[in-house]
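Please read the following report alongside the sequence and the model.

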Amino acid sequence: MAEPLKVCVYDPSGANGDIFTMMKEYAVSSTEWGAEIQLKPYTDEKIAAEDFKAKQYAAIVTGK
């Protein structure tokens, strides 16, 4: 398998929030298509966006 796809996930509640929980379910499902997704929670959207620009595959943010 290839290197995991790193995804920044902004959720105001961090790793315990609804958005991050939904993305964890998505990451588990992605293994069925042969992908491995590594999630990193963020409570600060600006930092999530900066990390995404620097080195991540994708980001889940509000778009503001």
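## Overall fold

The protein contains two helices and three strands, where helices (H or I, at least four residues) and strands (E, at least two) are DSSP runs numbered from the N terminus. Read from the N terminus, these elements follow the order β-α-β-α-β. This is a predicted model, in which local features need pLDDT of at least 70 and side-chain atom pairs count only at pLDDT 80 or more, while totals for chains, interfaces and linings use all residues. Residues are numbered from 1 along each chain as its sequence is written, and side-chain values use heavy atoms, with hydrogens and water left out.

The radius of gyration of the protein is 11 Å, which agrees with the value near 11 Å for a compact globule of 64 residues; the radius is taken over C-alpha atoms, and the globule rule is 2.2 Å times the number of residues to the power 0.38. The C-alpha trace spans about 30 × 25 × 15 Å along its principal axes. Of the 64 residues, 30% count as buried, that is, under 20% relative accessible area with a 1.4 Å probe and protein chains only. Where contacts (heavy atoms within 4.5 Å) join residues at least 6 apart in sequence, 64% of them join residues at least 24 apart.

## The nonpolar core

The largest nonpolar core is made of seven residues, Val7, Val9, Phe20, Met23, Ala27, Ile37 and Leu39; such a core is a set of buried Ala, Val, Leu, Ile, Met, Phe, Trp, Tyr and Cys residues joined through side-chain atoms within 4.5 Å. Two or more residues of this core come from each of strand S1 (5-10), helix H1 (18-30) and strand S2 (37-42), and H1 gives the most, with three residues.

Leaving aside neighbours within four places in sequence, Leu39 is in contact with Val7, Val9, Phe20, Met23, Lys24 and Ala27. The C-alpha atoms of Leu39 and Met23 are separated by 7.8 Å, although these residues lie 16 residues apart along the chain.

Met23 and Ser30 are both found in helix H1.

Definitions and conventions: Buried means under 20% relative accessible area, exposed over 50%, partly exposed in between (1.4 Å probe, protein chains only).
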